Amino acid sequence: MATELQNQSLSIFFLLLLPLVQSYPSTSLYPTIQLSIVSTTTNPSLIITFSVIDFGATGDGIHYDTKAIQSAINTCHTHHPTTPCHVTFPPGTYLTATIHLKPNTILNIQKGATLLGGTKIEDYPEEDWRWYVVMAENVSDVGITGGGVVDGQGPKFVRRFDERKNVMVSWNQTGACLGDECRPRLVGFLGCNNVNVWNVSLRDPAYWCLHIVRCENTTIQDVSIFGDFNTPNNDGIDVEDSNNTVITRCHIDTGDDAICPKTYTGPLYNLTATNCWIRTKSSAIKLGSASWFDFKHLVFDNITIVDSHRGLGFQIRDGGNASDVTFSNINISTRYYDPSWWGRAEPIYVTNCPRDSTSKEGSISNILFINITSNSENGVFLSGCNGGLLSKLRFVNMNLTYRRWTNYAGGLADYRPGCQGLVNHSAAGIIMEHIEGFEVENVNMRWSDDPTGRWNNPLDFRPSTVNNISLLNFHSGLYRQ
Ligand SMILES: *[C@@H]1O[C@H](CO)[C@@H](O)[C@H](O)[C@H]1NC(C)=O
Ligand SMILES: *[C@@H]1O[C@H](CO)[C@@H](O)[C@H](O)[C@H]1NC(C)=O
Ligand SMILES: *[C@@H]1O[C@H](CO)[C@@H](O)[C@H](O)[C@H]1NC(C)=O
Ligand SMILES: *[C@@H]1O[C@H](CO)[C@@H](O)[C@H](O)[C@H]1NC(C)=O
Ligand SMILES: *[C@@H]1O[C@H](CO)[C@@H](O)[C@H](O)[C@H]1NC(C)=O
Ligand SMILES: *[C@@H]1O[C@H](CO)[C@@H](O)[C@H](O)[C@H]1NC(C)=O
Ligand SMILES: *[C@@H]1O[C@H](CO)[C@@H](O)[C@H](O)[C@H]1NC(C)=O
Ligand SMILES: *[C@@H]1O[C@H](CO)[C@@H](O)[C@H](O)[C@H]1NC(C)=O
Ligand SMILES: *[C@@H]1O[C@H](CO)[C@@H](O)[C@H](O)[C@H]1NC(C)=O
Ligand SMILES: *[C@@H]1O[C@H](CO)[C@@H](O)[C@H](O)[C@H]1NC(C)=O
Ligand SMILES: *[C@@H]1O[C@H](CO)[C@@H](O)[C@H](O)[C@H]1NC(C)=O
Ligand SMILES: *[C@@H]1O[C@H](CO)[C@@H](O)[C@H](O)[C@H]1NC(C)=O
């Protein structure tokens, strides 16, 4: 089953990535793509099913069902090591410590069933990097589906609720991790091949939600993610050092970054995210900030970004190079939130200043933004670094509208994390510095008639650091509401 699906996934990469080396515009290069749902590509009679109830799970939400669930998974795998095997959770609430997936096992959490993560440190393995409610390590053909819920009980990790930003519990007593970032993640696939997560709802992670690390061939489809809007670090999907990842039809409503590719130990190639809806108090899509290796061939298409703190972002800081990235057919609305969250209401944010004096400079090149509409409280921020390593940017078919609707103060350029931090700088439609090659075509910028005069500059560039700009059919003007 996975093979069939993955073949389709690969053809999608091919079709979507082609335009990167072709000239625009050409509609035929962007066909409508229908991914088939994993379950329909498998002959149901080939799937072996074990119910956790038959292994003694209570599903009462009070007693730990860990042993029953883990025995069901182990039995599934031992008896059918090479056949797809589903571990089924009938309606009920299954409280559990960390569970470990075995090769060829899929958790089938049915509609009405919730897998509930424990809230005690003893519920999780010793090493903090293994703190997940569900984890799979170095295995193939694994996944989660069924229409049910995996819930991390995030609110139980809040020490003090705060509209601006909650203060979180820290499991740092072991000294293994620092500060308040010591909390369990929800679902992790580490070093896996052929991962499928589809038709499942992931809720209230205590920390990151869905973590894909060093994996090959991952499909995430029809997944909804709900995190507390005021909880820090409850990222939606973090994809790290992984190749061939498809994310589609996702719905992400969470406090921290929604889709966040990172590189720590190896490069990340071929990621597509399509047909998604996102709301976040941080970045909707962000490459970085962990960026030790390259990011290449990424496509983000047909995405709606609502009331977020930042839309499409690059925070390249550690020497990795980002190239061949397309953002197409995206509607963005960005606004200010409390400044303790990263983001300054920029619809588009591209930066690659080295994190600190020991960091290498990474480049960003060949980046296309096409068919983008934005309504935002701040302008676009494009800032390379001295080495001239931000190159070949294109903005095509864009409507950018600027107006203020919250009372947060503006007037800061945001280089965080690291670099120069926050710097006083008046707002502009597009701020540009250290860029080699920027093409703007069919871009319409509109300004609200702001009596305070905070908007007065469509294009702000440091002339000697910006080379090869072309503006074709670029308009900027006031509008009245
Ligand atoms: C990923 O999928 C492709 C296409 O189906 C396949 O050729 C490749 O072997 C898969 N990789 C792994 C590591 O399973
Ligand atoms: C990325 O996708 C392309 C096109 O499908 C494929 O040729 C290439 O092998 C993929 N790269 C990796 C690292 O899997
Ligand atoms: C951009 O939008 C136009 C008009 O809606 C459409 O014809 C074209 O295919 C789109 N381009 C891309 C790359 O999606
Ligand atoms: C998975 O592979 C990694 C890297 O090879 C290794 O460090 C880790 O111990 C492996 N885990 C298991 C459970 O085999
Ligand atoms: C998701 O699972 C539910 C319950 O099993 C099912 O009714 C529904 O059709 C599934 N939806 C998709 C998109 O697969
Ligand atoms: C653990 O984190 C809390 C909250 O950030 C902090 O106050 C405390 O000093 C930390 N303790 C250790 C041992 O790191
Ligand atoms: C991804 O592809 C690159 C390039 O082929 C390779 O170096 C890297 O090891 C691959 N990553 C994984 C997790 O397989
Ligand atoms: C865009 O995504 C939405 C879901 O967010 C979907 O309903 C719609 O069909 C998609 N449009 C295209 C052209 O794929
Ligand atoms: C963007 O907004 C336009 C106009 O309201 C709408 O037609 C289009 O479907 C939207 N696209 C996305 C991806 O939200
Ligand atoms: C990024 O590109 C530069 C210049 O080509 C190269 O020297 C550097 O090694 C690349 N970084 C990584 C992490 O591969
Ligand atoms: C921008 O606005 C114009 C005029 O309203 C409209 O024709 C065009 O489709 C819009 N483009 C995008 C990418 O939203
Ligand atoms: C930024 O401006 C504020 C208010 O005008 C001022 O208090 C502050 O010192 C300035 N910061 C810097 C770094 O210039």
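Colleague: Where is Pro-417 found?

Modeller: Quick caveat: this is a predicted model, where local features need pLDDT of at least 70, side-chain atom pairs count only at pLDDT 80 or more, and totals for chains, interfaces and linings use all residues. Residues are numbered from 1 along each chain as its sequence is written, with chains lettered from A and ligands numbered from 1 in the order in which they are written. Now, a cis peptide bond joins Arg-416 and Pro-417, with omega about -5 degrees. Strands here are DSSP runs of E, at least two residues, numbered from the N terminus, and Pro-417 sits in the loop between β30 (412-414) and β31 (422-424).

Colleague: Is Asn-371 buried, exposed or partly exposed?

Modeller: Asn-371 lies in strand β27, and its phi is positive, near 55 degrees. Buried takes 20 or more other C-beta atoms within 10 Å of a residue's own, exposed 12 or fewer, partly exposed is in between, and C-beta atoms are placed from the backbone. Asn-371 has 18 such atoms within 10 Å, so the label is partly exposed.

Colleague: Which elements give two or more residues to the shell around ligand 11?

Modeller: That shell takes residues whose C-beta atom, placed from the backbone, lies within 6 Å of the ligand. Around ligand 11 those are Asn-371, Thr-373, Asn-397, Asn-399 and Asn-444. The elements giving two or more are β27 (364-376) and β29 (390-402).

Colleague: In which strand is Asn-442?

Modeller: Asn-442 isn't a glycine, yet its phi is positive at about 55 degrees. With 16 other C-beta atoms within 10 Å, Asn-442 is partly exposed. Its strand is β33 (residues 435-448).

Definitions and conventions: Helix = DSSP H or I, 4+ residues; strand = E, 2+ residues; numbered from the N terminus.
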